[in-house]
Structure formats: C-alpha cells, structure tokens
Amino acid sequence: MTDIDTRRDAPPAHGPNTSNLADILERVLDKGIVIAGDIKIDLLDIELLTIRLRLFVASVETARKAGIDWWETDPALSSTAARDELRDENRRLRERVEALESAENGDAPSARAKDTAGAGT
Amino acid sequence: MTEQPGAPEGATSTYVFAVCRRLDPAVLTGLAGLAEGCPVRGLRCGPLTAVVQHVPAAEFTEDAWQRRLSDRAALEHCARAHHEVVTAAAACGPTVPLALATLYRGDERAREALGADADRFTVVLDRLENHAEWGVKVYVPATARPPSAPASAAPHPGGGSAGGGAGRAYLERKRGLHRAREQHHDRALRTAEDVDAALTRLATATRRLRPHSPEMTGETHRLQILNATYLMRTERVQGLLDAVEGLRQRTGAEVEVSGPWVPYSFAGEV
C-alpha cells in the first residue's frame, strides 16, 4: 500500500505522491474513460456501493445537499445533539424544582397545599 | 512493442490501464501493476499506445473482482496500483486513464477493442493536451462559535428579578446559538460557492466531487465544504495557486490543493 508513497523516482510533474486513498478512489473508481471490456465488471454494483459506504464516501452531490449533510453529521449542529442538550437542561431544571419543592415542603407544607388547591380551581 | 514478454503460464487476460500517444517504456520499469511478475508494458494500437499488463485470467474473473473490491485492503491495493501506472505513463504526454478493471481476453482483443474506439481516444487526448487536473478542497471550522456576549439579550433593564429574567435569558441564549449555527452554515455555503466560482473562471473545465464527510476524513475540528476538481492548462496553474492564496486570505477558510493529477475526472465525455 506504500508503494506509491515510497517511490523516489516519481516524475515530479505528475501525480501528488502523497495522495490520500479517498482522493485516489474517487478518481480511479468513478472516472476514467469507460470502454467495454471482455470481462464485465460493474463498478456500480451494489456490493461496491456498500464498500464505498463503508469507506464513508459521502453520498452528496451538490453544495446544498452537502450543507444538509454537515448539518446532520456535525455534532454541534445535529438535531440529535440539540435534543440531548435539551434533555439535559430539562433534567437539571426538574431536579432544581424538586429540590425547591422539597425545601418548601419542609418549611411550610400547609401554605404550599393551599397554593396548589388555589391553582387548581 | 514485443507481444508476450513475461506472459505467465496458463491463461492470461490483458488488463488496460490507460491509452496514450507515445510512451517511453522506461517510465514503466519496475512498476508492479496488478500482477506480480508480469511487466507493465506498452501495446501499440495503430496511432495509439495502450498501457497494459498480462494478468492470470483465473484471478481476474468477475467473481474475483467482486471479492477484491469488497475487501478494503485489496481495493486500496488495486486502486493505488492502477493509479501508479497511469501516473507513470502520463510522464510521456497526454494520457487517458481507463476505468478500473478494464480487461480483455488477450492483447489481440485489447488492440481490436481500443482500435474500434480510436476516434474517441483521439478526441480526448487532444482535449487533455497541455492540461492537468487539480483538486481543491475547502474546509471551515466544524462548529459555529457561540456568540461570546449575547448582544441581543443584553437590553434587559433591571434583569435581576428572579424567574422571568432567567427564562427569557435562556430563550435568548438558545435563539442566539441557533442563529449562530445558521449563519455559520450559510457562510460556509457561500464560501464554497465563491471559491468554486473564482477558480472556475481560470479552468478549462470543472467538476464537483462529493465532499468527504467527517467520518471519512476522521477529522472533527473542520468540515469539508467543497471538493472540486479543475482541468487546468499548464500555463494557468500558477494563476490557480495564486488565486487560492488570495481566497485563503479573503475568506479565512482552509483551502487545500492537490495536483497535478492525470485528468481522470475529465477523461470521459464532458
């Protein structure tokens, strides 16, 4: 796998020799001129798509879609993250309410019961 | 071009890496290609030269390919080997890379098939003369900076009074964060469009590739917002590099350039 990167005699004018795999794959798999061979290899075969997914080649075409994609994958932007944050906030608030209520209960249970009854009518 | 050097015993297929006009066999010396022990060589096809290699037929059947392409390490090996040969051949002049896994039952069949498409290759070779492909990726920081002082929430006269003030501040803070995220997002999209527009003006042709997701790059601190590639005339490359430097300074985004690539992305019909 290091055969390219360790080649010392690579012509300087052609090909970045530290190319990362993703850059190479997206060119070698997707591009190049397609002519019919004697042995048919369907590079868009489902299996290959699976690998490509495994390699995390994002399935986004346009910048707009890309925008949606980061929205989903950026933990800071994702709605899941936002939900978690809300849930935490909720939990903290509930704990505070409970703490306050129990403190209140301890101090003046009768007054608190009256308040609750009043609110119910 | 000799016909059968290094042909392995048993049935062989002919794997085609690329097609070019002229080829100095020396540039292929020592390349492993896809089959150890079979030299990568030129195969004359009329006015064109194909860059080919004999491979053991049994290891290059459709089933074998499916297995190979389903294995991450094997896929990487193939892709890099293919790329290495294509890149080496391009040292001699315009070169059209073929899609990975183009195989024929023998040299004669390869010559026949490539010859039948000679016109198409000639057109592409003419178009790629004096050109190379340059990749450009743009990144922005992964997270929106939360507004340091929630300026919008500030005007809150005597805001110390218990419950109402805290609730309002909470909502303001939430809104501020949301706004910051949206602005970050919009700014990133605009930056991507600006960079692409500026570089497209310098290029002969351009292609947008799929941006690499954070899972793919393994980076959490930055997001790739543009993954584009440009077919550049040799004499315009410096202009591209200068423009990229200007865009880095103007937009504050990280801009990465890779190249020159053999014009893979521009070998097909544009």
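**A sheet in chain B**

Reply: Start with one pair: B:Arg208 stands opposite B:Ala228, a residue of S8(B). The model is predicted, so local features need pLDDT of at least 70 and side-chain atom pairs count only at pLDDT 80 or more, while totals for chains, interfaces and linings use all residues. Residues are numbered from 1 along each chain as its sequence is written, with chains lettered from A and ligands numbered from 1 in the order in which they are written.

Now widen the view. S7(B) and S8(B) pair in the antiparallel sense, over four bridges. Two strands count as paired if DSSP finds at least two bridges between them. Strands themselves are DSSP runs (E, at least two residues), and helices are runs of H or I of at least four residues; both are numbered from the N terminus.

Which strands make up the whole sheet, and in what order? Four strands of chain B form an open sheet, ordered S7-S8-S6-S9, with antiparallel pairing. The edges are strand S7 (205-208) and strand S9 (254-261) of chain B, each pairing on one side only. From one strand to the next, the twist averages 20°. Such angles run from 0 to 180 degrees between N-to-C directions, along lines fitted to C-alpha atoms (for helices, over the stretch in contact). Strands of a sheet pair through backbone hydrogen bonds, either parallel or antiparallel.

Move along to the next pair. S6(B) and S8(B) run antiparallel, joined by eleven bridges. There, B:His131 has B:Arg233 of S8(B) as its bridge partner. S8(B) is mostly covered, with ten of its twelve residues buried. Buried means 20 or more other C-beta atoms within 10 Å of the residue's own; exposed means 12 or fewer; partly exposed is in between, and C-beta atoms are placed from the backbone.

One pairing remains to describe. Strand S6 (residues 131-141) of chain B meets S9(B) in the antiparallel sense, over six bridges. Here B:Val138 has B:Val255 of S9(B) as its bridge partner.

What packs on the sheet? Helix H7 (residues 237-251) of chain B does, touching S6, strand S8 (222-233) and S9 of chain B. The direction of H7(B) makes about 165° with that of S9(B). Touching means contact: two C-beta atoms, placed from the backbone, lie within 7 Å.

Now set the sheet in its chain. Chain B has seven helices and nine strands. Of its 270 residues, 42% count as buried. Take the contacts in chain B between residues at least 6 apart in sequence: 78% of them join residues at least 24 apart.

In helix H3 (residues 107-116), B:Asp107, B:Ala110 and B:Leu114 are buried. Seen down the axis of H3(B), these buried residues fall within an arc of 60° (taken from the directions from the helix axis to the C-beta atoms), so they line one face of the helix. An α-helix has 3.6 residues a turn, so residues three or four places apart point the same way. The face of H3(B) turned away from the buried side carries the exposed residues B:Glu108, B:Glu112 and B:Ala116. The cover over the buried residues of H3(B) includes strands S1 (12-20), S2 (40-45), S3 (48-56) and S5 (103-104) of chain B.
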